[in-house]
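Student: Let's go through this structure together. Start with the ground rules, please.

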Amino acid sequence: MEEGSRREEPQKEEEIWSWGAGTDGQLGTGKLKDELLPQLLHLPSLAASAAGSISMLACGGAHVVALTSGGRVLTWGRGTSGQLGHGEMVNCLYPKAVNSLEDHVITHVSAGWSHSGFVSDGGCLFTCGDGSFGQLGHGDYSAYSTPAKVSYFVNNHVEQMACGMRHSLVLLKGSLGSQVYGFGSGKRGQLGISVEKIKSANLPRVTAGFEDIQITTITANGDHSASLSVDGKLYTWGRGFSGSPDINVPSCTLPSLSFSQVALGWNHALLLTDDGEVFMLGGNRHGVLSNTEKLMNTAPNHLPGTESSSFTSELFILSTSLFLCPLTSFIFLVLITVDGEVMTWGWGEHGQLGLGSTSDETDPCLVRNEKEVVAISRVYCGSGFTYAVKAVD
């Protein structure tokens with residue numbers, strides 16, 4: 001769903017804010033309740049220490065994985081499938097270190113619906129949590145409450161992992177032709193390993209179509225998968241957008257454009273071009289594509305208000321929800337402006353828009369706290385909840 005890599009930056013004091021769904025402890029407030037407005041967290045375990053400050057968060061179905069600048073990992077929230085990696089299958093209200101990874105320097109983390117992935121600086125991949133679809137890559141369908149090394153890649157250098165709802169992608173370093181692998185649920189083509197539908201795979205299998213393409217980024221969410229190549233080409237596979245047919249192997253999408261970032265949602269994607277324009281693919285349930293009267297009548301949809309490159313080069317998205325209706329998926333989006341303002345819209349049932357209500361919004365709205373705008377440098381989204389990080393001068 002959402003993944004992150006450790007950033008080599010000077011340590012700065014930071015404020016961490018959270019809001020939205022919190023009934024599994026995923027907000028880190030110590031309370032089992034939703035929060036409709038941004039809450040400033042007071043978490044000693046997340047304060048700068050020998051392990052370093054928090055450099056990245058990854059948010060899953062109802063759990064959070066924090067990566068420090070020193071390569072250490074803390075997790076909290078729902079842990080009933082072992083996704084927290086604490087050696088037990090229980091929830092945790094506050095950040096807690098994943099002790100089994102302390103002998104490794106972790107550089108990349110990812111969080112799925114109920115599973116987690118961790119990549120070390122030595123290129124080792126560790127996974128834990130729900131494995132009922134094979135998404136952990138251990139050759140079985142078991143749950144693991146402690147991160148276990150994925151032995152399939154013992155002779156390879158893993159660079160990135162991306163967790164979808166019930167599937168996983170892996171990007172290898174310096175391995176042109178067999179650099180992307182998929183495992184887990186494949187019923188919508190999200191593994192990209194065969195032109196035929198594959199129900200699931202419990203061991204990594206090569207994603208087809210990248211034999212002569214250098215991939216730099218992978219991402220997964222829901223039943224979608226995507227990647228960016230070194231020349232900015234976007235490839236998508238898995239569940240089709242807006243009711244279009246599923247794609248079983250990677251396909252170059254919008255080949256006339258060059259992209260710098262892609263973020264996947266439950267049934268949509270948010271795209272950032274090299275020129276700073278933001279585009280969206282997919283459905284507009286709960287206003288996820290903003291006011292349709294303001295959208296260009298083309299595909300993909302151009303997000304109103306971005307013509308002057310008003311958005312920062314970093315964008316994040318969430319799509320999945322704990323609750324699904326037969327005909328719709330619940331979606332919300334978050335963007336950061338160059339001034340550090342956070343704008344949200346879409347599904348708001350749990351307060352994940354941070355606007356003080358549970359209403360849906362069809363247009364981007366400015367997030368405020370106590371009537372003041374909080375200048376934010378990074379945001380991260382889980383299923384119905386949001387985290388924001390502010391650097392303190």
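Tutor: Two strands pair if DSSP finds at least two bridges between them. Strands are DSSP runs of E with at least two residues, helices are runs of H or I with at least four, and both are numbered from the N terminus. This is a predicted model, in which local features need pLDDT of at least 70 and side-chain atom pairs count only at pLDDT 80 or more, while totals for chains, interfaces and linings use all residues. Residues are numbered from 1 along each chain as its sequence is written, and side-chain values use heavy atoms, with hydrogens and water left out.

Student: OK. What does Val170 stand opposite in S14?

Tutor: Tyr181. The strands S13 and S14 are antiparallel and share 5 bridges.

Student: How many residues of S13 are buried?

Tutor: 6 of its 6. Buried here means under 20% relative accessible area, exposed means over 50%, and partly exposed is in between, using a 1.4 Å probe and protein chains only. S12 (residues 158-163) is also mostly covered, with 5 of its 6 residues buried.

Student: Which side chains of S13 point which way?

Tutor: His167, Leu169 and Leu171 go to one side, Ser168, Val170 and Leu172 to the other, and all are buried. In a regular strand the side chains alternate between the two faces of the sheet.

Student: Moving on past S13. Where is Gln179?

Tutor: Gln179 sits in the loop between S13 (167-172) and S14 (180-185). It counts as buried because its relative accessibility is 4%.

Student: What does the side chain of Gln179 reach?

Tutor: The backbone oxygen of Ile213, at 2.3 Å. The Gln179 side chain also reaches the backbone nitrogen of Ile215, at 3.5 Å. A polar contact is a pair of N or O atoms within 3.5 Å; within protein, one must be able to donate a hydrogen and the other to accept it, and residues adjacent in sequence count only if both atoms are side-chain atoms.

Student: Which residues is Gln179 in contact with, leaving aside neighbours within four places in sequence?

Tutor: Val170, Leu171, Leu172, Phe210, Ile213, Gln214 and Ile215. Contact means heavy atoms within 4.5 Å.

Student: Ile215 came up there. What is the bridge partner of Ile215 in S17?

Tutor: Ser229. S16 and S17 (residues 224-229) are antiparallel, with 6 bridges. They belong to an open sheet of 4 strands, ordered S16-S17-S18-S19, with antiparallel pairing. The edge strands, each pairing on one side only, are S16 (215-221) and S19 (247-253). On average, neighbouring strands of this sheet are turned by 20° against each other, direction ignored. For that angle, axes are lines fitted to C-alpha atoms (for helices over the stretch in contact), and angles between N-to-C directions run from 0 to 180 degrees.

Student: What about the rings of Phe210 and Tyr235?

Tutor: Their centres are 5.5 Å apart and their planes at 90°, so that pair is edge-to-face. Phe210 is in the loop between S15 (200-206) and S16, and Tyr235 is in S18 (residues 234-238), so the pair ties together parts 25 residues apart in sequence. Phe210 is buried at 1% relative accessibility, and Tyr235 is buried at 12%.

Student: Which rings form a cluster?

Tutor: Trp76, Phe385 and Tyr387, linked by ring pairs.

Student: Last one. Where does Gly265 lie?

Tutor: In the loop between S20 (259-264) and S21 (268-273). Gly265 has a relative accessible area of 0%, so it is buried. Its C-alpha atom is 5.9 Å from that of Asn221, 44 residues away along the chain.

Definitions and conventions
Rings of Phe, Tyr and Trp (its six-membered ring) pair if their centres lie within 6.5 Å; planes under 30 degrees apart count as stacked, over 60 as edge-to-face and the rest as tilted.
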